Amino acid sequence: MNIFKATTKQETSEAAAHVASRKLREAIDANGQTSFIVATGASQFDFLAALTADKTIDWDNTTMFHLDEYIGIPETHPASFRKYLRERLVDIVQPGTVHFLDGEAGEPQAECDRLNRIISQHQIDVAFVGIGENGHLAFNDPPADFETEDPYILVELDEACRLQQVGEGWFTGLDEVPTQAISMSIRQIMKAQTIICTVPDERKAEAVRNCLHGEITPMHPASILQTHPDCTVFLDAGSASLLSD
């Protein structure tokens, strides 16, 4: 695992997007196409803006997989990650193939099974992820399941995770935040050839310290990134403020 530190959120996001663009282009050059995973949340705003502004990527030859989604909210809801990704990536660059998670599916486990069949046919070249205030990776809240091989799983959202969604302005109160979601599993994320983890903001500082400089444990889910052979974590001054070096 590598750590890149910049001063501002903008510098951090642009540096992450630069590496992301290079990795996507390299995969397309080598294989004629690339498959990638994309995260959502306020921490990814500037990263996605920089990535979608890059004109050197042949998006027609990309396949996008959705990292996670709430169960039970429509795509029109402000917090819907399908809505988020359409507005901030899909409608802008139009990837060749897009695989969304349907949080309104009548049987959420069947929706997991559907995506599990699809993603099992793909090698993921690049995963774009973040780290939650509680250390979560995707919606794998502590204690995260480090063992399941299922690519997508049903998860319960803990209160710290749900409060973060309120704090970021996606919901007006805790009672509005769903308690369940579909999430890509830890092991599936770790199968990506490259992981680009963009984590700006001082509110993430404690999680960054615990996950990057602490014990690898399901209680700090993103700590597993320490074991990935090609993972770079991009930090700004705020998120890196509690690191000792």
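# Notebook: charges, fold and selected residues

I began with the charges: the mean positions of the 18 positive and 38 negative charges of the protein lie 3 Å apart. For this I counted Lys and Arg as positive and Asp and Glu as negative, leaving out His and the chain ends. I placed each charge at NZ of Lys, CZ of Arg, CG of Asp or CD of Glu.

The model is predicted, with pLDDT of at least 70 needed for local features and 80 or more for side-chain atom pairs to count, while totals for chains, interfaces and linings use all residues. Residues are numbered from 1 along each chain as its sequence is written, and side-chain values use heavy atoms, without hydrogens and water.

**Overall fold**

I looked up the secondary structure and found seven helices and 10 strands. These are DSSP runs numbered from the N terminus (helices H or I, at least four residues; strands E, at least two). The protein is as compact as a globular protein of its length, because its radius of gyration is 17 Å, close to the 18 Å that the globule rule gives for 245 residues. The radius is taken over C-alpha atoms, and the rule is 2.2 Å times the number of residues to the power 0.38. Along the principal axes, the C-alpha atoms fill a box of roughly 40 × 40 × 35 Å.

I then checked burial: 56% of the 245 residues count as buried. Buried means under 20% relative accessible area, exposed over 50%, and partly exposed in between (1.4 Å probe, protein chains only). The protein exposes about 10100 Å², of which carbon and sulfur atoms supply 46%. The areas come from the Shrake-Rupley method with a 1.4 Å probe, and for residues only the protein chains shown count as cover.

For contacts (heavy atoms within 4.5 Å), I took pairs at least 6 apart in sequence; 80% of these join residues at least 24 apart.

**Cysteines**

How many disulfides does a search of the whole structure find? I got zero, with a disulfide taken as a pair of cysteine sulfur atoms within 2.5 Å. For Cys112, the nearest cysteine sulfur is that of Cys161, 16 Å away. Cys112 is buried, at a relative accessible area of 0%.

**Backbone**

I noted a cis peptide bond from Pro142 to Pro143, with omega near -5°. Pro143 sits in the loop between strand 6 (126-129) and strand 7 (152-156).

Ala138 is in the loop between strand 6 and strand 7. Ala138 has a positive phi of about 55°, although it is not a glycine. I find Ala138 buried, with a relative accessible area of 7%.

Asp201 is another non-glycine residue with a positive phi, near 95°. Its place is the loop between strand 9 (194-199) and helix 7 (205-213). Is Asp201 buried or exposed? At 17% relative accessibility, Asp201 counts as buried.

**Single residues**

Leu235 belongs to strand 10 (residues 231-235) and is buried, at 0% relative accessibility. Which residues does Leu235 contact, leaving aside neighbours within four places in sequence? I listed Ile3, Phe4, Lys5, Ala6, Thr12, Val199, Val208, Leu212, Ala240 and Leu243. I also took a distance to Pro178, 57 residues from Leu235 along the chain: their C-alpha atoms are separated by 29 Å.

Gln188 is in helix 6 (residues 186-190) and is buried, with a relative accessible area of 6%. Not counting residues up to four places away in sequence, Gln188 touches Ile119, Ile124 and Pro151.

Leu163 lies in helix 5 (residues 159-167). Leu163 is partly exposed, with a relative accessible area of 43%. Its C-alpha atom is 33 Å from that of Asp54, 109 residues apart along the chain.

Gln10 is part of helix 1 (residues 9-31). At 37% relative accessibility, I put Gln10 down as partly exposed. Gln10 and Asp236 are 226 residues apart along the chain, yet their C-alpha atoms are separated by 8.5 Å.
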